[in-house]
Amino acid sequence: MRRPTLKTAGPALALVALLGVPTAVWGSQPLRQDPSPSASGAATGAPDADVAAGQRLFETSCATCHGFGGTGTDNGPRLMGVGAASADFYLSTGRMPLPFSDLRARRKRPAFNEQQIDQLVAYVASLGEGPPIPDVDLEAADVGHGGELFRLNCASCHGFAGSGGALSDGNQAPALWDATPTEIVEAIRIGPGTMPVFSEETLSKEDADAIAKYTSYLGDATDRGGAPLDYGGPIPEGFVVWLLGLGLLIGASVWIGRTR
């Protein structure tokens, strides 16, 4: 079944690798190991044909880094038990595959089409129990409550307007304006990169849906105060106004002095 596409706006985050790189990039394949999925396609809700097709894709595009059966290698982490949400997040946002294993995973155009992503997600989900793709309900979500939770839990890294920001050790929290509600809740549940994991005991489904609705609002927010100036806040915006004002005053003074 296709993941939800409840996108009302036009992700959270410098992130770790999930699904490696094509074998052709890295050379010869490692010694093959027999995959031992802990769950069948029926148990994960995916057709067996999708699981089988996903396994074939995985072996040609991901196993060099993540090992056959998702057992992990020195170039990529173990995927057994990461769940469908993790695979869907990294693949649908284009963060995986990486051209080189030492690069930071950043949002880009997905390398696989929608059907291939579904198949890879089905296979990774079959490798062990993990967080499923969330069912996000924006209609019932409270955008005001989402704003409060966002400011308490997310704004310190992603900025109050969701524009992203720099973190320690060269990491960066990405802007959230292009993220779908499903991707937002997936990030909340899996904690990609330096982002912490928020379980349902910490943030309930209603809380997570509310945050997703608020981030969608941020992407469509009306700039009632004029030019947003990259949503830097009142201090940089005020600085720009003062800088322009002083420049105009200096320019006017010079012009007046030359005309007298």
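Good morning. The protein has eleven helices and two strands, where helices (H or I, at least four residues) and strands (E, at least two) are DSSP runs numbered from the N terminus. Along the sequence the pattern reads α-α-α-α-α-α-α-α-β-β-α-α-α.

This is a predicted model, in which local features need pLDDT of at least 70 and side-chain atom pairs count only at pLDDT 80 or more, while totals for chains, interfaces and linings use all residues. Residues are numbered from 1 along each chain as its sequence is written, and side-chain values use heavy atoms, with hydrogens and water left out.

I turn to confidence. The mean pLDDT, the predictor's confidence in each residue from 0 to 100, is 81 for the protein, and 75% of its residues reach 70 or more. Over residues 1–43 the pLDDT is below 50, although this stretch has 147 contacts in the model beyond near neighbours in sequence; contact means heavy atoms within 4.5 Å. Where pLDDT is low, predicted coordinates should not be read in detail.

As for burial, 42% of the 260 residues in the protein are buried. Buried means under 20% relative accessible area, exposed over 50%, and partly exposed in between, with a 1.4 Å probe and protein chains only.

How many of the ten residues of α9 are buried? Ten of the ten are, so α9 is largely enclosed by the rest of the structure. Among these buried residues are the charged-class examples E183, E186 and R189. What covers the buried residues of α9 includes α5 and α10.

Two packed helices are described by the angle between their axes and the distance between the axes. Here axes are lines fitted to C-alpha atoms, for helices over the stretch in contact, and angles run from 0 to 180 degrees between N-to-C directions.

Consider α5 first. The crossing of α5 with α9 is left-handed: the near helix is turned anticlockwise from the far one by less than a right angle, whereas clockwise would be right-handed. From α5, A85, S86, D88, F89, Y90 and S92 meet T182, E183, E186, A187 and I190 of α9. By class, this contact has five nonpolar, three polar and three charged residues. Ala, Val, Leu, Ile, Met, Phe, Trp, Tyr, Cys and Pro count as nonpolar, Asp, Glu, Lys and Arg as charged, and the others, Gly among them, as polar.

Now α10, residues 205–220. The axes of α9 and α10 come within 9 Å and cross at roughly 130°, which makes α9 oblique to α10. Which hand does the crossing of α9 and α10 have? The crossing is right-handed. The α9 residues P181, I184, V185, I188 and R189 meet K205, A208, D209, I211, A212, T215 and S216 in α10. This contact has seven nonpolar, two polar and three charged residues.

Two backbone details follow. G191, which comes after α9, has a positive phi near 60°. The peptide bond from M96 to P97 is cis, with omega near 0°, and P97 lies in the loop between α5 and α6 (114–126).

Finally, L149 in helix α7 (residues 143–153) counts as buried at 11% relative accessibility. Not counting residues up to four places away in sequence, L149 touches C154, L203, D207 and I211.

Methods:
Angles under 35 degrees count as roughly parallel, over 145 as roughly antiparallel, 65 to 115 as roughly perpendicular and the rest as oblique.
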